[in-house]
Amino acid sequence: MAMKDYEFWFVVGSQFLYGPEVLATVSKRAEEMCAKMNKGGKLPCRIVYKTTVKTSEDATDTIIAANADPTCAGIITWCHTFSPSKMWLTGLKLLQKPYCHFATQYNREIPDTEIDMDFMNLNQAAHGDREHGFIAARLRTPRKVIAGYWQDAPVQARLGDWMRVAVGVAVSKSLKVMRYGDNMRNVAVTEGDKILVQEKLGWQVNTWPVGKLVEYINAVTDKEVDALMAEYKKLYTFNTKNLASVRYQAKEEIAMKKMLDAEGCRAFTNTFEDLYGMEQLPGLASQRLMAQGYGYGGEGDWKVSAMTAVIKAMAEGKKGGTAFMEDYTYHLAKGKEYSLGAHMLEVCPTVAAGKPKIEVHPLGIGGKADPARLVFEGRAGKAIVVSLVDMGGRLRMIVQDIECIKPIMKMPNLPVARVMWRAMPDLTTGVECWVTAGGAHHTTLTYDVTAEQMRDFARIMGLEFVHITKETTVEGLEHELFLNDLAWKLR
Ligand code: MN
């Protein structure tokens, strides 16, 4: 399902106390609000007025129906009037979909001369929403609270951002990851409890033999390769004469795509330690699949692969880019401290500042033929890097704010795509925080999804969330991690 195929249910709270006329007005206005918000251009999915809840049965039936409907990516609640929240209790305990409490009101202003007790009875979101907020707080129901006037573009944009997160949740819950081979030998941070991950995030992580992929590769026809080469020629500059190497990557791309689609997988991993029967480590091939929305993780890193697929799904239609990334090396010159991110081959070209070049170079490790890859500079702009690590019994998501820059040097002999950035709050404090929190060398780098959205995702999924910002100090972070550890032991 694409982003536009999902919808969100607008569920309004009220009660019978006010009489049928008030309830009719509430319904009519809720319809009008959905219609106007859908036209506002800020929501990636449709918001659909579903019902006005007046009894416990209404709330429970609506929530059960939302749980069962695969097109419903979440519910958005609001109380036009007062809605006694004990009647929401049974339903909220059953809720399995993302939940946003939209604390708004129909009218923008208090109508000075018209306000009377009839107006007060009809327009009491200010205290209706407090009653509604209490029950979710009391039940510890994870939810996003967005307050503001519903016709304001920034408020609709925040609602839209949350919708993207909820669609990411739907994608996550059905995500299948194809592993070609196991994790790179002896590496710790790419490991994890696959059962815990399936329980918390829905990811089905399974392995397929590399030999099966080799069968797919050998079955690709010259005609299929010719067609893909024509596409490469349109999109990239050929900076190599070794077309045989490029053609082999095209074969790998076609083969992996067929195999992923046949199994319904939206993410994959491989490792240079297990390429038995393959001529090259997929470079260009993996980069191309990432650009089409598949998640990828090198060295068997299925966590970063799945996270990249989910973040790409959240970012559908956005133009900044989202890539598998690895912190490689630092520039520690005073006042110009930067991180250089890259990978052996596989950086997604959606983050490229210009037209990528196809080049062929030796790999140095893995003992295979020289692989073709896309080489480019990443674009400048605000972004985040995201890492998910297994702490033993729980998953920790670490997000760091970064500012990408145009690389300050050409690095003509570096044969891979590269992104340069300033980590927050500054390079050395940022590194101290990242290392203290146990963040991996592999990350998902995204210009399109914000830290607030990742926090929303972590809340919905029950993950520990750590955010390194321009305000973060090592001391504060250590204290936070210590308290988190205590809190998670109690869960
Ligand atoms: Mn790596």
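Modeller: Let us begin with a term: a residue is called buried if its relative accessible area is under 20%. Please keep in mind that this is a predicted model.

Biologist: Why is Tyr-149 called buried?

Modeller: Tyr-149 has a relative accessibility of 13%, and because buried means under 20%, Tyr-149 counts as buried. Trp-150, at 1% relative accessibility, counts as buried by that reasoning too.

Biologist: What makes the aromatic pair of Phe-268 and Tyr-296 tilted?

Modeller: The planes of Phe-268 and Tyr-296 are 55° apart, and since stacked needs an angle under 30 degrees and edge-to-face one over 60, the rest being tilted, this pair is tilted. The centres are 5.1 Å apart, where a pair requires them to lie within 6.5 Å.

Biologist: How do you know that this pair links distant parts of the chain?

Modeller: Phe-268 belongs to strand β9 (residues 267-269) and Tyr-296 to strand β10 (residues 295-297), and the two are 28 residues apart. Both residues are buried, and together with Tyr-180 and Phe-324 they form one aromatic cluster.

Biologist: What makes you say that the charged end of Lys-50 sits over the ring of Trp-9?

Modeller: The charged end of Lys-50 is 4.2 Å from the centre of the Trp-9 ring, and the definition asks for a distance within 6 Å as well as a direction within 35 degrees of the ring normal. Arg-491 likewise lies over the face of Trp-488, at 4.3 Å from the ring centre.

Methods. Residues are numbered from 1 along each chain as its sequence is written. This is a predicted model: local features need pLDDT of at least 70, side-chain atom pairs count only at pLDDT 80 or more; totals for chains, interfaces and linings use all residues. Side-chain values use heavy atoms; hydrogens and water are left out. Buried means under 20% relative accessible area, exposed over 50%, partly exposed in between (1.4 Å probe, protein chains only). Rings of Phe, Tyr and Trp (its six-membered ring) pair if their centres lie within 6.5 Å; planes under 30 degrees apart count as stacked, over 60 as edge-to-face and the rest as tilted. Helices (H or I, at least four residues) and strands (E, at least two) are DSSP runs, numbered from the N terminus.
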